Structure formats: C-alpha cells, structure tokens
Amino acid sequence: MNLTFRKMVPEDASAVEIVEKACFSMPWSRQAFWEEASNDKTYYLLALDDTKVIGYVGVWILFDEAQITNVAVLPEYRNQKIGYRMMEKIIQISLQKGATAMTLEVRPSNDSALHLYEKLGFKSVGRRRNYYEDGEDAEIMWITDLAKCTNAEVI
C-alpha cells in the first residue's frame, strides 16, 4: 500500500461518497460532501492508496473548537492504523487553524472507534440520548487541550 494524505476538494465528493456508503447505514450524500469541501469552516482529510480514496476524516473548526464530523475507512483497509494516522493529522491541522479543543460523538457500540479515540486522548463526558436515526445513544468525547496531544505529527 502506498498511503498518502491530502485535503479533500469538491471534485472528490464522488470518491468520498463510495467510502461513506461502504461504512455507514445512513450515508451522507455526494452533494453533502461537495458542500462540506466548499465550506471554509471545514477541513476534510483524505487517505489514499495511490490515487484511490480509502478513508477520510472531517472537522468543523469554529473559533477555538474543532468538531469531528465523520471518520471512515473502507472495510478492506481497516486494522492498518489508517484511522489513527488520519486522526493524528486532523488534530495537527486543527491546532494549526487555531483550535484548542476537539469533540466528537461516537456510537457506544463501536468498540474499535472508542478505543482509537481514547488512545488519542479523548475522554467521555456524557451521552446524547437517541442521537442516531436507529435510536442508539452517542458517547460525547472531548480533548480539552489539543496542544497536549504530543502524538500528532505535522503533515
């Protein structure tokens, strides 16, 4: 595998939609990703194997807070630390853009994602009841001091 990372542009929406549909039962549309890539308050980082989009992570950065919107890796590329590396890079990008804290919501049933976020320094601070369309709660997680995330490397 030849793993590289780059910022998503609107023209990547179709490739990102393929990853989204492979990973989620209620996927975002291609139009939603095109709009996100066009928004100056968002940053979507793509993971590529050569030229193939195999994963992505999105963040909204408003003032000094960053909120992760989506994290996805194609099933056949999982368990290769791609998600971890994308998160390291999006933390560094968020710091460079002025964020001092980061938050996300995750399904409590998603053990691998919970483990990944805890390894990066996220702490659970509560739950949003019936957050997902299927009625599952969301675990709310925060890193309140991004500058202390020493694992993040500059891209």
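Over the ring of which residue does the charged end of arginine 107 sit? The ring belongs to tyrosine 132, and the charged end lies 4.1 Å from its centre. This is a predicted model. The report covers rings and charges, then strands.

**Charges over rings**

| Charged residue | Ring | Distance from ring centre |
|---|---|---|
| Arginine 107 | Tyrosine 132 | 4.1 Å |

**Ring pairs**

A pair of aromatic rings is described by the distance of the centres and the angle of the planes. Six aromatic pairs turn up in a search of the whole structure. One of them joins tryptophan 28 and phenylalanine 33. Their centres are 5.4 Å apart. Their planes meet at 35 degrees, so this pair is tilted. Tryptophan 28 is partly exposed, because its relative accessibility is 28%. Phenylalanine 33 has 0% and therefore counts as buried.

Phenylalanine 33 also pairs with tyrosine 44. Here the centres are 6.1 Å apart. The planes stand at 90 degrees, so the pair is edge-to-face. Phenylalanine 33 belongs to helix H2, residues 30-38, while tyrosine 44 belongs to strand E2, residues 42-49. The pair therefore ties together parts that are eleven residues apart in sequence. Tyrosine 44 is buried, with a relative accessible area of 2%.

Strand E2 carries tyrosine 44. E2 runs antiparallel to E3, and eight bridges join them. Aspartate 49 stands opposite lysine 52 in E3. Two residues separate E2 and E3, which form a hairpin. In its turn, aspartate 50 has a positive phi of about 60 degrees.

Strand E3 spans residues 52-62. How many of its eleven residues are buried? Eight are, so E3 is largely enclosed by the rest of the structure.

E3 also pairs with strand E4, residues 65-73. Eight bridges join E3 to E4, and the two run antiparallel. Tryptophan 60 has glutamine 67 in E4 as its bridge partner. E3 and E4 form a hairpin too, with two residues between them. Phenylalanine 63 sits in that turn, with a positive phi of about 60 degrees.

Methods
Residues are numbered from 1 along each chain as its sequence is written. This is a predicted model: local features need pLDDT of at least 70, side-chain atom pairs count only at pLDDT 80 or more; totals for chains, interfaces and linings use all residues. Side-chain values use heavy atoms; hydrogens and water are left out. Rings of Phe, Tyr and Trp (its six-membered ring) pair if their centres lie within 6.5 Å; planes under 30 degrees apart count as stacked, over 60 as edge-to-face and the rest as tilted. Buried means under 20% relative accessible area, exposed over 50%, partly exposed in between (1.4 Å probe, protein chains only). Helices (H or I, at least four residues) and strands (E, at least two) are DSSP runs, numbered from the N terminus. A charge sits over a ring if NZ of Lys or CZ of Arg is within 6 Å of the ring centre and within 35 degrees of the ring normal. Two strands pair if DSSP finds at least two bridges between them.
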